[in-house]
Every structure is written in structure tokens, then in C-alpha cells.
Amino acid sequence: MVKLIMGVKGSGKTKRLVDMVREAVAKESGDVICIEKDKKLTYDVPYQARLIDTSDYGINSYDLFRGFLCGIHSGNYDITHFFIDNFYKIVNDDADDRLAEFVKWLDGFCTSEGLEVVISISKDPAAAGEELKKFIV
């Protein structure tokens, strides 16, 4: 299942994502992964969640990020949740069509692998296309 947390800058997306990480860590028996650009969540995310800084890996496109997610998952089938903060900063591309294509792929990946993915995106939810609106929480 894919969930999108969308909102303009300063609307509380990251705080909401961190709260969801804490809830997943408390309730789930599998592994929880939190992915971010830069090391801003080090003291906010519980130590039980694996915090990954994508700037260490040179990820700057949807294709690289797709491979990154698949690689993490293939190394650990116990993962139940991925939380991704500040998505546009990671992939360095805010094109609506590329986002919709990625979310469509990710939804299929989550369904086949039994994963839940939550992504925070700095974008006005009213401006999201119809194909993305069904994922907004």
C-alpha cells in the first residue's frame, strides 16, 4: 500500500511521517526503514527504525531510487514499512507524470511484496493529478 503525505512547505508533513514511523515501530513485528535526504531526522526517528541518508549513495533520479528500494528489500524480506521524507529532494525531479509513473510502479511492488510505503512530498495536494489523489492521506 502506498500513502502520500502532501502539503506545502511548513505544513507538518515530516512531523506526521515521524509519528507514523513511531506507530509502525510500536505495532509491527517486521523491520521499519526511514529514508531521507541529509541527516535531519536522526534524533526524531526511534532507534528501532533503520534511518538511511540517500546523500551517501548519490541517488538523484526515479530510476536510481527504484533500484535503491529494490536492493534494500532484496537484502531483507522482513521489511514491512518504508517511510520516505522529502521525496522531491531525493529524486531531484518534481514532474507530475514521473511521480505518477513511479507511484503506479510502487503500488504494484508493495502489493506483490506485502509492503507499506509512506512518502512525504512538498506539493499542494489540490494540484495533484487524479491518479495520485487516491493515495493521499
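## The largest pocket

The lining of the largest pocket divides into no nonpolar, seven polar and six charged residues. Here Ala, Val, Leu, Ile, Met, Phe, Trp, Tyr, Cys and Pro count as nonpolar, Asp, Glu, Lys and Arg as charged, and the others, Gly among them, as polar. This is a predicted model: local features need pLDDT of at least 70, side-chain atom pairs count only at pLDDT 80 or more, and totals for chains, interfaces and linings use all residues. Residues are numbered from 1 along each chain as its sequence is written, and side-chain values use heavy atoms, with hydrogens and water left out.

The largest pocket holds about 230 Å³ of space. Of its 13 lining residues, the closest to the centre are Lys9, Gly10, Lys13, Asn86 and Ser122. A pocket is an open set of points on a 1 Å grid over the protein atoms alone, where a 1.4 Å probe fits, with protein on both sides within 12 Å along at least five of seven lines; lining residues have an atom within 4 Å of a point. Helix α1 (13-27) and strand β5 each supply at least two lining residues. The largest share, three residues, comes from α1. Helices (H or I, at least four residues) and strands (E, at least two) are DSSP runs, numbered from the N terminus.

## Paired strands

Why is β4 largely enclosed by the rest of the structure? Six of the six residues of β4 (residues 79-84) are buried, so the strand is largely enclosed. Buried means under 20% relative accessible area (1.4 Å probe, protein chains only). Strand β2 (residues 31-36) is mostly covered too, with five of its six residues buried.

β2 and β4 pair in the parallel sense over five bridges. Strands pair if DSSP finds at least two bridges between them. Cys34 stands opposite Phe83 in β4, and Ile35 has Ile84 as its bridge partner there. Cys34 also stands opposite Leu51 in β3. β2 and β3 (residues 50-53) pair in the parallel sense over four bridges. β4 and β5 also pair in the parallel sense over four bridges, and Phe83 stands opposite Val118 in β5.

## Helix α4

Helix α4 (residues 96-113) has 18 residues. From first C-alpha to last it reaches 25 Å, close to the 26 Å expected at 1.5 Å a residue. That expected span is 1.5 Å times one less than the number of residues. Gly114 follows α4, and its phi is positive, near 70°.

Which residues of α4 are buried? They are Leu99, Ala100, Phe102, Val103, Leu106, Phe109 and Cys110. These buried residues pack against β1 (2-7), α2 (62-75), α3 (87-91), β5 (116-122) and α5 (130-133), where contact means heavy atoms within 4.5 Å.

Key
Buried means under 20% relative accessible area, exposed over 50%, partly exposed in between (1.4 Å probe, protein chains only). Grid points are joined across faces, edges and corners, and a volume is the space filled by probe spheres set on the points.
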